[in-house]
Amino acid sequence: MSRKPIIAITADYIMVREMWPAAVVYNVYNDAVIHAAGALPWLLPPAGEALDHEVLLDRIDGIVFTGARSNIQPQRYQGETAAGNTVQDPHRDATTLPLIPKVIDAGIPMLCICRGIQELNVALGGSLHQDVPNLPGKLNHFAPEEWSMERRFGPSHEVLFEKDSELGKLSATRTITVNSVHEQGIDRIADDLVVEARAPDGIIEAVRVRGSRAFAAGVQWHPEWDWRSHSLNAKIWAFFGAACRDRTQGTEDSNQKTRRTL
């Protein structure tokens, strides 16, 4: 019997009680990896330059670049200085941004969520809007923090898939409703990315890596929160999990040819 695929999940660097540095992954990601993708989660700490990419990529079958409260440092994409109250995570930036191109080159399936899609764009040379809710003519994509978690991650706005969207093929309809909890968003899209979907105000909501060898996609919403009730989000996790199992079987059988890409 084939083993379950191992999926790394990127962790955030936080201070517990303002004293103890900790690597944290929200349990909704663990839950989705275990139950929706059918895999074993493996926490990936924000270790920066200490992370051995070669060893890591040799041991995992997929990776989730998670959402986070922090924003990417603007110097990473030649952006303007961030506002003084902006939450940042330089430890995570130093971990994820150099890793993403190597994951793509290795043909390892990856799913990039919220901050993760922004990391994907920056890692490949794109830039970000730092404050989407205050851009003229844009929706308020950031739910107030004083709302309950259920309300913050509830349905927020529609997303329209592009006519040639690969991700859209998993959807029963071309338009879906998603949650929306983000301040930053894609501005200049990286050359190696293809737009898969947009919000009604034009903000990019989903992308895929052009010519990727395996599943390599990002969404701006949070499919880890409502996959049990949201049919497309369930399909995204299932498709991603299947791609990871393909890789697992491929490492066990050199004659394995099947690869799920997006």
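The protein chain holds 6 helices and 13 strands. The model is a predicted one. Along the principal axes, the C-alpha atoms fill a box of roughly 55 × 45 × 35 Å. For 262 residues, a compact globule would have a radius of gyration near 18 Å, and the 17 Å of the protein chain agrees with that. Buried residues account for 52% of the 262 residues. Of the contacts between residues at least 6 apart in sequence, 67% join residues at least 24 apart. The chain exposes about 12,400 Å², and carbon and sulfur atoms supply 49% of this area.

The interior comes next. In soluble globular proteins, nonpolar side chains tend to be buried together. Here the largest nonpolar core has 34 residues, and the members that touch the most others are Ile7, Val64, Ile113, Leu167, Trp221, Trp237 and Phe240. Two or more residues of this core come from each of strand E1 (6-10), helix H1 (27-36), strand E6 (110-113), strand E8 (157-161), strand E9 (175-178), strand E13 (216-219) and helix H6 (231-252). H6 gives the largest share, 6 residues. Beyond its neighbours within four places in sequence, Trp221 is in contact with Ile113, Cys114, Val159, Leu167, Ile176, Val178, Asn179, Glu205, Ala206, Leu232, Asn233 and Ile236. Another core lies apart from the largest one; it has 26 residues, including Leu56, Ile104, Cys112 and Ile117.

Ile117 also belongs to helix H4, where it is buried together with Arg115, Gly116, Gln118, Glu119, Leu120, Asn121 and Val122. Because 8 of the 9 residues of H4 (residues 115-123) are buried, this helix is largely enclosed by the rest of the structure. After H4 comes Gly125, with a positive phi near 105°.

Side chains of opposite charge can pair when their charged atoms come close. The model has 11 salt bridges. One of them joins Glu119 to Arg115, with the closest N and O atoms 2.5 Å apart. Both residues are in H4, 4 residues apart, which is about one turn of the helix. Through shared partners, salt bridges join Asp12, Arg92, Asp93, Arg115 and Glu119 into one network.

Arg208 lies in strand E12 (residues 204-209) and Glu196 in strand E11 (residues 193-198), so the bridge ties together parts that are 12 residues apart in sequence.

The salt bridge between Asp31 and Arg228 has its closest N and O atoms 2.8 Å apart. Asp31 lies in helix H1 and Arg228 in the loop between E13 and H6, so this pair ties together parts that are 197 residues apart in sequence. Arg228 counts as exposed because its relative accessibility is 59%.

Two loop residues can be set side by side. Thr66 is in the loop between strand E5 (62-65) and helix H3 (90-106). Is Thr66 buried or exposed? At 2% relative accessibility, Thr66 counts as buried. Not counting residues up to four places away in sequence, Thr66 touches Ile9, Thr10, Tyr29, Arg92, Ile113, Arg115 and Gly116. Among these, Ile113 is a member of the largest nonpolar core, while Arg92 and Arg115 belong to the salt-bridge network.

Gly38 sits in the loop between H1 and strand E4 (40-44). With a relative accessible area of 23%, Gly38 is partly exposed. Leaving aside neighbours within four places in sequence, Gly38 is in contact with Lys4, Pro5, Val33 and Arg245. Gly38 and Asp89 are 51 residues apart in sequence, and their C-alpha atoms are 30 Å apart in space.

The last stop is the surface. Ile14, Val16, Met19 and Trp20 make a nonpolar surface patch of about 400 Å². Val16 lies in strand E2 (residues 12-16). Its relative accessible area is 35%, so Val16 is partly exposed.

Terms used
Residues numbered from 1 in each chain as written. Predicted model: local features only at pLDDT ≥ 70, side-chain atom pairs only at ≥ 80, totals over all residues. Heavy atoms only, no water. Patch = residues over 30% accessible without salt bridge, like charges linked within 9 Å, V, L, I, M, F, W, Y side chains within 5 Å. Areas by Shrake-Rupley, 256 points an atom, 1.4 Å probe, with all protein chains shown as cover. Salt bridge = Lys/Arg side-chain N within 4 Å of Asp/Glu carboxyl O. Buried < 20%, exposed > 50% of the residue type's maximum accessible area, 1.4 Å probe, protein only. Core = buried A, V, L, I, M, F, W, Y, C linked by side-chain atoms within 4.5 Å. Contact = heavy atoms within 4.5 Å. Rg over C-alpha atoms; globule rule 2.2 N^0.38 Å.
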